Amino acid sequence: MKRHLFGIFACFVFLSSCGSSKDKPDAYGSFEATEVTVSSLANGKIMRFDVEEGQLLDSNQVIGFVDTTDLHLKKMQIMESKNATSSRKEDLAAQIAVQEQNQENILIEKNRVISLLKDGAATQKQLDDINSSLNLIEKQISSIKTQFRGIEDQIGSTEQQIAQVRESIKNACVSNPVKGTVLTKFAENNEVTTFGKPLYKIADLREMLLRVYVSGAQLPHIKIGDKVEVRIDKDEKTNSTMEGIVSWISQTAEFTPKTIQTKEERVNLVYAVKVRVKNDGSLKIGMPGEIKLMSN
C-alpha cells in the first residue's frame with residue numbers, strides 16, 4: 001500500500017514539474033521607452049514654461065518661450081542698417097541717370113561736330129575732345145555701377161542677418177517635438193537658460209519596449225515580427241499577460257546583465273531582444289517583465 005502511494009506521489013511530482021517547466025518563461029527583462037530630451041534652442045530668461053511631470057503633451061504643442069527682447073532689438077538695428085544702405089543705392093542710381101543723360105547730350109554734340117567736320121567747319125581736336133569726354137563718362141558710370149553692386153551685396157548680407165535673427169526668435173519658442181508623457185522637468189519659469197540646456201524629458205508611453213535576453217540556443221526560434229506572450233506581475237503569485245511583437249534582435253552577443261540573472265548565469269553570452277507592447281496604462285519604465293515564445 002505504501003509502495004502504491006509513493007508511486008502516485010512520484011507521478012504527481014513528475015507531472016507538476018513538467019507543467020511548471022512548460023510554463024516557465026523563455027526570457028526576462030525590463031520595460032523601456034524611447035526617451036527624448038528637449039533642450040533650449042535660445043539663450044535668455046524663460047518667460048513661460050507650461051510643463052509638469054506626468055503631463056501628456058501633443059506633438060508641435062507650444063509649451064513656453066524664452067525672452068526675445070535682445071533679438072528683437074538686434075533685428076531692428078539690422079533693418080535700419082539695411083534701409084540706410086538702400087538709400088545709398090537710390091543715390092547711386094540717380095548719379096548713373098545723370099551721367100547717362102550727359103552721355104546722351106555729348107553724343108548729340110558729337111554727331112553735330114562730325115557733320116561740321118565734313119564741311120570743314122570744325123576741327124579734329126573738337127571731335128577728339130568730345131570722344132575723351134565720352135570715355136570719361138563711361139568710366140564714371142562703370143565706377144558707380146561697381147559701387148552699386150557692392151551695395152546690393154551689402155543689402156543681401158543684411159537680409160541674411162535678418163533671416164538668422166528671425167530664426168533665432170522662432171527658436172526661442174519651445175515646441176514639443178513628440179506626443180508623449182513628461183518624465184522629468186529640468187527647468188522652471190524665470191530661470192535663465194542657454195542653448196543646448198535640457199528643459200524636460202518626454203517619452204511616448206502608449207507603446208513600450210520590453211528588452212529581454214535570450215540564449216544562443218533560443219535565438220533560432222525567434223525572429224522579428226513574431227508574436228510572444230508578455231507577462232508582468234499581477235500580485236505575489238499570479239501574472240498578467242498581454243501580447244507583444246518582436247521588433248528588434250541584436251546581431252551581437254553580450255554577457256548577461258547583472259540585474260537580470262544569477263551570478264552563475266552572468267558569464268553566459270546572450271542576445272538582446274526588444275518586444276513592442278501596447279500599454280494599457282499598467283506598464284512603467286523599468287518594470288520587470290518576461291516573455292513566453294508562442295512556438296514553445
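Contact here means heavy atoms within 4.5 Å. By that criterion, residues 24 or more positions apart account for 75% of the contacts in the protein chain with a separation of 6 or more. This is a predicted model, in which local features need pLDDT of at least 70 and side-chain atom pairs count only at pLDDT 80 or more, whereas totals for chains, interfaces and linings use all residues. Residues are numbered from 1 along each chain as its sequence is written, and side-chain values use heavy atoms, with hydrogens and water left out.

**View 1. The whole protein chain.** The protein chain holds three helices and 15 strands, these being DSSP runs numbered from the N terminus, with helices (H or I) of at least four residues and strands (E) of at least two. Of its 296 residues, 28% count as buried, where buried means under 20% relative accessible area, exposed over 50% and partly exposed in between, with a 1.4 Å probe and protein chains only. The accessible surface comes to about 19,100 Å², of which 53% belongs to carbon and sulfur atoms; such areas come from the Shrake-Rupley method with a 1.4 Å probe, and for residues only the protein chains shown count as cover.

**View 2. Helix H2 and its buried residues.** The 50 residues of helix H2 (residues 69-118) should span 74 Å at 1.5 Å a residue, and this agrees with the end C-alpha atoms, which are 74 Å apart; the expected span is 1.5 Å times one less than the number of residues. Buried residues of H2 include Lys 75, Thr 85, Gln 99 and Gln 103, as well as Ile 78, Leu 92 and Ile 96. Helix H3 (124-171) is included in what covers the buried residues of H2. Just after H2, Gly 120 takes a positive phi of about 80°.

**View 3. Ser 40 and the sheet that includes E2.** Ser 40 is found in the loop between strand E2 (35-39) and strand E3 (44-49), and it is buried, with a relative accessible area of 2%. Its side chain reaches the backbone oxygen of Ala 42 at 2.7 Å. Leaving aside neighbours within four places in sequence, the residues in contact with Ser 40 include Val 66, Phe 195 and Leu 199. An open sheet of four strands has the order E2-E9-E7-E4, with antiparallel pairing, two strands being paired if DSSP finds at least two bridges between them. E2 and strand E4 (56-57) stand at the edges, each with a single partner strand, so one side of each is left without a neighbour in the sheet. Five bridges join E2 to strand E9 (residues 198-203), and the bridge partner of Val 36 in E9 is Ile 202.

View 4. E11 (residues 227-233) and E12 (residues 239-249) run antiparallel and are joined by seven bridges, forming a hairpin with five residues between them. Gly 244 in E12 stands opposite Val 228, and Gly 244 also stands opposite Val 277 in E14.

**View 5. The largest nonpolar core.** A nonpolar core is a set of buried Ala, Val, Leu, Ile, Met, Phe, Trp, Tyr and Cys residues joined through side-chain atoms within 4.5 Å. The largest has 21 residues, and those with the most contacts inside it are Phe 31, Val 230, Val 273, Val 275 and Ile 291. The largest share of this core, four residues, comes from E10.

Note on methods: A polar contact is a pair of N or O atoms within 3.5 Å; within protein, one must be able to donate a hydrogen and the other to accept it, and residues adjacent in sequence count only if both atoms are side-chain atoms.
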